[in-house]
Amino acid sequence: MGDDAATVREVPGFRSYWSAATVSSFGTAVSAVAVPVLVVTVLQASPLEVGLVNAAQFLPYALFGLLIGAYVDRVPRKPLLVWASIGRAVSLGTIPVLWSVGLLNLWVTAAALFVFGTLSVVGFAATQSLLPRIVPRHLLLPANARVDQSDAAAQTVGPALGGVLVGFVTAPVAIVVDAVSYLVEAALVARVRIVERTAPRRTGSRLLGDVVDGLRWTYRHETLAPLAISTQVWFLANAAALTVFAIVALRTLALPAVVYGAIIAVSGVAMLLGATAAPRLGTRFGAGRTIIATRIAYPVAWAAIAIAVVGASGARAAAIAVLFTAFTVHGAAAGCENANEMSLRQSLTPDALLGRTNATMRSAYRTLAAIGAVGGGALATAAGGGVALFAVAAVFGGAAVIALRSSLRVDTGRDARSDQIGAEQ
């Protein structure tokens with residue numbers, strides 16, 4: 001692990017890529033606090049409206065994700081990522097500008113987040129497919145772990161910083177930090193020196209065929225199919241959970257923005273520790289088994305959050321302590337899981353299909369996230385935050401069962417290395 005970590009840092013282009021991802025993660029972590037505060041407290045959205053605004057940035061994955069994935073496999077990925085980052089900076093930057101002139105409302109915010117989400121479809125498909133062109137496939141796990149460690153560090157500091165910024169300069173202005181981070185990301189990615197080989201351009205009539213190829217590869221694969229389905233259910237639960245939690249924390253429990261940010265931040269600390277352990281766990285137990293173990297942790301954490309919220313009226317301090325503990329478990333699980341899941345996907349998929357496979361999975365994930373965000377808000381409106389949180393804990397449990405009953409139980413780390421060798425030959 002140590003040797004691989006040192007080796008991956010010396011790969012030409014990886015440091016700029018890693019730095020770009022790190023800066024972007026810090027900006028995103030600030031927005032993770034600023035956007036909910038903007039929607040819930042500044043714009044005074046109802047629970048259902050909170051879900052609809054959250055869904056706006058996920059909807060483009062359902063509308064455009066598969067076509068964009070096919071397009072990413074046809075063109076150089078680096079310039080695509082650069083321009084997508086610039087576009088995301090502009091779309092986020094419109095929020096504080098419109099707020100400053102008194103033109104910001106709930107639906108304008110949703111529209112800006114929809115544009116941001118559309119460009120994120122492009123950006124994420126490009127960035128996840130670019131890394132295997134920078135880093136040799138046998139170093140993908142330590143490379144992804146490095147990126148995850150930076151992301152976790154950002155989620156540790158970023159939410160706390162976001163809470164402070166919101167308190168001092170208001171939520172719309174705090175979003176400027178995320179907008180600037182995308183400009184920095186674009187500049188750093190532009191510095192990566194890489195010669196990209198792309199497949200010959202096909203006629204427009206083949207675009208649908210390319211999409212079908214990506215779907216077929218993903219959902220007929222013995223390992224990728226259950227991984228994709230389990231993760232789709234996870235995204236449904238996670239989007240609903242975070243939507244409901246923002247409402248409960250900021251409105252029902254009336255937590256200050258700084259405390260809300262600190263709860264999110266402690267998840268980032270745990271994620272950093274989990275990401276640090278991810279390569280060692282994946283190597284020792286196999287990527288699939290590591291993913292299964294983390295999937296089991298999520299329903300436990302969210303059931304505890306639900307119990308804490310329901311009992312908060314009689315023991316508020318104890319409830320807040322449970323929230324910090326549960327988000328620690330959630331963050332550690334995410335840190336252990338993500339690098340293993342991403343490396344498994346990248347190792348099992350030929351480069352010519354990476355854009356489509358990544359976009360196929362991410363489109364489904366974000367589509368379910370949009371449904372989860374709206375569904376979580378609607379359920380919280382109809383039945384209350386406590387009931388909604390118990391429901392999402394049950395859905396997290398469903399994701400764990402799907403993973404547990406699949407081929408992920410075998411040593412998929414070894415299988416991935418074997419498939420990778422075969423693909424390279």
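Select serine 120 to begin, in helix H6 (residues 106-134), where helices (H or I, at least four residues) are DSSP runs numbered from the N terminus. Leaving aside neighbours within four places in sequence, serine 120 is in contact with Tyr61 and Arg88, contact meaning heavy atoms within 4.5 Å. With a relative accessibility of 3%, serine 120 counts as buried; the term buried covers values under 20% relative accessible area, exposed those over 50%, and partly exposed those in between, with a 1.4 Å probe and protein chains only. The model on screen is a predicted one, in which local features need pLDDT of at least 70 and side-chain atom pairs count only at pLDDT 80 or more, while totals for chains, interfaces and linings use all residues. Residues are numbered from 1 along each chain as its sequence is written, and side-chain values use heavy atoms, with hydrogens and water left out.

Select next arginine 88, which belongs to helix H5 (residues 77-100) and is buried at a relative accessible area of 3%. Not counting residues up to four places away in sequence, arginine 88 touches Leu81, Phe116, Leu119, Ser120, Gly123, Phe124, Tyr182 and Glu185. Turn to one of these, phenylalanine 124: arginine 88 lies over the face of its ring, 5.6 Å from the ring centre, under a rule that asks for NZ of Lys or CZ of Arg within 6 Å of the ring centre and within 35 degrees of the ring normal.

Arginine 74 can be found in the loop between helix H4 (59-72) and H5, and it counts as buried at 13% relative accessibility.

**Along helix H2**

Now display helix H2 (residues 14-42), whose 29 residues reach 40 Å from the first C-alpha to the last, close to the 42 Å expected at 1.5 Å a residue; the expected span is 1.5 Å times one less than the number of residues. A kink of about 30° is centred on serine 31, the bend at a residue being the angle between axes fitted to the seven residues ending there and the seven starting there. Of the 29 residues of H2, 21 are buried, so this helix is largely enclosed by the rest of the structure. After H2 comes glutamine 44, whose phi is positive, near 55°.

Within H2, select phenylalanine 14 and tryptophan 18, which lie four residues apart, about one turn of the helix. Their ring centres are 5.7 Å apart and their planes stand at 25°, so the pair is stacked; rings of Phe, Tyr and Trp (its six-membered ring) pair if their centres lie within 6.5 Å, with planes under 30 degrees apart counted as stacked, over 60 as edge-to-face and the rest as tilted. Phenylalanine 14 is buried, at a relative accessible area of 0%, and tryptophan 18 also counts as buried, at 19%.

**A second stacked pair and the cores**

Move to tryptophan 302 and phenylalanine 396, another stacked aromatic pair, 6.1 Å centre to centre with 15° between the planes. This pair links distant parts of the chain, with tryptophan 302 in helix H12 (residues 287-310) and phenylalanine 396 in helix H15 (residues 385-404), 94 residues apart. Both residues are buried, and both belong to an aromatic cluster that includes Trp234, Phe245, Tyr260 and Tyr298.

Tryptophan 302 is also among the residues with the most contacts inside the largest nonpolar core, which has 86 residues; such a core is a set of buried Ala, Val, Leu, Ile, Met, Phe, Trp, Tyr and Cys residues joined through side-chain atoms within 4.5 Å. Helix H10 (residues 224-252) supplies the largest share of this core, 16 residues.

Select alanine 254, in the loop between H10 and helix H11 (257-285). Its phi is near 55°, a positive value in a residue other than glycine, and alanine 254 is partly exposed, with a relative accessible area of 48%. The 29 residues of H11 should span 42 Å at 1.5 Å a residue, and the end C-alpha atoms are 39 Å apart, which agrees. Follow H11 to alanine 278, where a kink of about 40° lies shortly before proline 279. The tour ends at glycine 286, which follows H11 and has a positive phi, near 95°.

How values were computed:
Helices (H or I, at least four residues) and strands (E, at least two) are DSSP runs, numbered from the N terminus.
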